[in-house]
Amino acid sequence: MSSTVYHAPGTVEDAVALLSADPTARPLGGGTDLIVQMRSGRLSPGAIVDLKRIEGMSGVRRLGDAFAIGAATPCTALKADAALVAAWPGVVEAANLIGSVQVRNRATMAGNVCNASPAADSVPALVAAGAVCVIAGPQGLREMPVEAVPAAPGKTALAPGEFVVEIRLPPKPAGGGDAYLRSIPRTEMDIAVVGAGVSLVLDGEGTCTSARVAMGAVGPTVVLVEEAGAALVGTRLEDDALAALSQAVQAASNPIDDKRGSVSYRKAMAGVLARRAALIAARRAGEKA
Amino acid sequence: MSKIHVSTTLNGDAAEFLCEPTSSLLDVLRDTMGLTGSKEGCGSGDCGACTVMLDGEMVCSCLVLAPEAEGRTIATIEGVAEGSVLHPVQQKFLEHAALQCGFCTPGFIVAAKALLDRNPNPTETEVRYWLAGNLCRCTGYDKIVRAVLDAAADLRQERTPA
């Protein structure tokens, strides 16, 4: 750890150059995963590239009715943006289930995505919302759907020299609502045993016209369950539609057995949480903005 | 490896230090600046014993790299009392015996003060959730929660004109 160099570049280009120059270099946002992994010996980066001195890395920008959330924006700062809370309450709530207040004052959603934990709380909500990562690298900027970024536990699809610059959330659709729920053995400061993110759109009659459902902690990465969203489309979330939703997420679940929960418990809870999250999202969709 | 020079505001005063690139803010506070009130419990952001205020937000100083503090404002447990006059949160911790070994106490007091500074009338539930990132292995938390609620009541009275 003592041979690590610390950089605080002022531009995205300089950050890319520093990350490209050393394949072991790591970007630093809030540090709540990176510093823990360095201390435990799991990681010993040759260089740390602190992103927080780059303009635009901290804070939420409006792009018309869409949102661009800088990679170094702490989770608690999301709650202070009233327009973001109104448009994507499920995303903001999910990000504010991570860790403690102390941790959320530093931890970022971009870090949550790039740490690539299957149990990351903000990621199912972001995937359900159709969020996109803007990625800077030696070839310039590119976009990647959030669900494509985690490749395996602790591994991302980012190429050497690349880092996430911001996360973009689309405008809230008319009649849209989202929600995220997780199951943990206590009520705070724990890691999801199962997480469920749902974003859906209802028409004026209450019929679902589109839906995205993403599940956490039931496989090696957070997974977008297209069949589960499809089970809701064309319905008014009647009991049989919700049963089909639960079946679809259970069929897509391939969890591990560990001290946090058995395979059968996780599968059962996946169905329950997806159903409850869908009902909250639908209630929000019905509320007038 | 050359050390990094960092300029900060620490408990209201300008402060400078030299640090290794991967030193934690907690290590610098304790070992370089001599402020040993903040404690290292876990070193992984679980226990909150190292809680300090960084630009007005509470963080685990074990999970902040010291060079990150350049140009930032830090407030530690050492700055909570005004001279020999204890802050109401500290006073109520004493009155309610909200500590036994005391190792977690600085972190709890910094965190509790951060809560009361923004919410002078928290519910018990709000206190418990806010302090979820601070672990105490002695008290069972109940006396801590009572002390914080009592300190809040005390502070509200002080704010009311006599």
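Biologist: How many residues does the contact take from chain B and from chain A?
Modeller: The structure is a predicted model. In it, two residues are in contact if their C-beta atoms lie within 7 Å. On that basis, the contact takes 22 residues from chain A and 23 residues from chain B.

Biologist: Which element gives the largest share of the side of chain B that touches chain A?
Modeller: By class, this side of chain B has 13 nonpolar, seven polar and three charged residues. The elements giving two or more residues to it are α4 (124–130) and β4 (57–60) of chain B. The largest share is four residues, and it comes from β4(B).

Biologist: How are α2(B) and α3(B) oriented to each other?
Modeller: Helix α2 (residues 88–95) and helix α3 (residues 105–118) of chain B pack with their axes 9 Å apart, at an angle of about 130°. An angle over 145 degrees would count as roughly antiparallel, and 65 to 115 as roughly perpendicular. The two helices, α2(B) and α3(B), are therefore oblique.

Biologist: Which residues of α3(B) make the contact with α2(B)?
Modeller: The residues of this contact divide into five nonpolar, two polar and one charged. From α2(B) come V89(B), Q90(B) and F93(B). From α3(B) come T105(B), I109(B), A112(B), K113(B) and L116(B).

Biologist: Why do the buried residues of α1(A) line one face of the helix?
Modeller: Helix α1 (residues 12–21) of chain A has the buried residues V12(A), A15(A), V16(A), L18(A) and L19(A). An α-helix has 3.6 residues a turn, so residues three or four places apart point the same way. Seen down the axis of α1(A), the buried residues line one face because they fall within an arc of 165°.

Conventions: Residues numbered from 1 in each chain as written. Chains lettered and ligands numbered in written order. Predicted model: local features only at pLDDT ≥ 70, side-chain atom pairs only at ≥ 80, totals over all residues. Buried ≥ 20, exposed ≤ 12 C-beta atoms within 10 Å, placed from the backbone. Arc of directions from axis to C-beta. Axes fitted to C-alpha atoms, helices over the stretch in contact; angles between N-to-C directions. Parallel < 35°, antiparallel > 145°, perpendicular 65-115°, else oblique. Nonpolar A, V, L, I, M, F, W, Y, C, P; charged D, E, K, R; others polar.
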